[in-house]
Amino acid sequence: MPTRSWSFVPDSAPRSGDLPRVWVLLGEGAGGNAQMLALAEALGWPYETRQLSWNVLNYLPNPLIGAHRFTLDRSADALRPPWPDLVIGASRRSAPIARWIKKQSGGRTKLVHLLHTQMPLHYFDLVVTLAQFRVPNAPNVLRNTLPLNVIDPADQAQAAERWRARLEDLPRPWIAVLVGGNSSSYTLDTTTAARLGREADAAAQAVGGSLLVTTSRRTPAAAADALAAAIAAPAEIYRWRPDDPDNPYGAFLALADRFIVTGDSASLPAEAVATGRPVTLFEWPANKPVRRPKGLAGHLYRGLIYSGWLKPRRDFAAFHDMLRRAGLVDAETTGAMPDDMATTVARIRALFVN
């Protein structure tokens, strides 16, 4: 497995003995993997990756699986001593594996988990989450404002250079429209996509500017058609294609003067607000309403979430509200970016202070 070692010691890192050894448990989700790797890089400690894949037993509830690895296929062979000092995992399926590693280490390994665990929270040293996952409050829960996404500035700059000449005839300001699509929480139908097109078109017409539109893997073809048909302003419209080396997403992030972003994911708004330029959220109703039981029912509901027996529906409205309170979206003057990465790194380093 690949290992990245660092020749420097951050000022706030442990100074006695060797630096902690880190394993990153990679899964099948590109977003979670990217956040884990970005966090491992930011820690500045030697880390190794372990690519996990699962068998059908992974569909069992995590509280039933416990601290075991029988849900893995042959990727279990990569989990051998010497055991790491820290394991970084993300989401449900890697939680039992992280607990199994800690058990093999005699309880020495620290566990940091991103997003959600669907397992009792007290088994983890730190759970790093976001508002939409509705993880209950606890001393070991860190609720960040934004995902720990990091886009390589060099990649953005290269993409911008490739696309700048193609866009230079479009009138400024350039408004990038970053389009998501269908998910477990949202359906981007043609009616909604057409409304997005009309609102983006009106924004461009009002300032005499242009639209830089890009769809994504989750955008249905019919929705992309409806979106494009609703736009009359000058525009560059890119339809996502798999394995396209000339995808303009990074270029649009680098070059746009402002953004309109669909609110069906956390990564699109996060990457847009990271530019420091104005971002407008485009919202539409979720597939199902989010339940918020109160009183005794609410106490029981939160208990089931804490213990891992219940995975609540993601509450993107809560995520959007947090972005608005921070002044990061739907405001002409963008608020200061929270340094969630620095906060997370500090919490992890604190776990190793004797």
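Biologist: Which way does helix 5 pass helix 6, in a left-handed or a right-handed crossing?

Modeller: Right-handed; that's the label when the near helix is turned clockwise from the far one by less than a right angle. Mind you, this is a predicted model, where local features need pLDDT of at least 70, side-chain atom pairs count only at pLDDT 80 or more, and totals for chains, interfaces and linings use all residues. Numbering runs from 1 along each chain as its sequence is written, and side-chain values use heavy atoms, with hydrogens and water left out.

Biologist: Why are helix 5 and helix 6 called roughly parallel?

Modeller: Helix 5 (residues 190-207) and helix 6 (residues 221-229) pack at about 30°, axes 7 Å apart. Angles under 35 degrees count as roughly parallel, so the pair gets that name.

Biologist: What makes the contact between them?

Modeller: Helix 5 brings T190, A193, A194, L196 and G197, and helix 6 brings A222, A223, A226 and L227, contact meaning heavy atoms within 4.5 Å. By class that's seven nonpolar, two polar and no charged residues; Gly counts as polar, Ala and Leu as nonpolar.

Biologist: How many cavities of 30 Å³ or more are there?

Modeller: Two. A cavity is a set of points on a 1 Å grid where a 1.4 Å probe fits but cannot get out, and lining residues have an atom within 4 Å of a point.

Biologist: What lines the largest cavity?

Modeller: 15 residues, with H116, Q118, V135, I305 and P312 nearest its centre. The lining divides into nine nonpolar, three polar and three charged.

Definitions and conventions. Axes are lines fitted to C-alpha atoms, for helices over the stretch in contact, and angles run from 0 to 180 degrees between N-to-C directions. Helices (H or I, at least four residues) and strands (E, at least two) are DSSP runs, numbered from the N terminus. Angles under 35 degrees count as roughly parallel, over 145 as roughly antiparallel, 65 to 115 as roughly perpendicular and the rest as oblique. On a 1 Å grid over the protein atoms alone, a cavity is a set of points where a 1.4 Å probe fits but cannot get out, and a pocket is an open set with protein on both sides within 12 Å along at least five of seven lines; lining residues have an atom within 4 Å of a point. Grid points are joined across faces, edges and corners, and a volume is the space filled by probe spheres set on the points.
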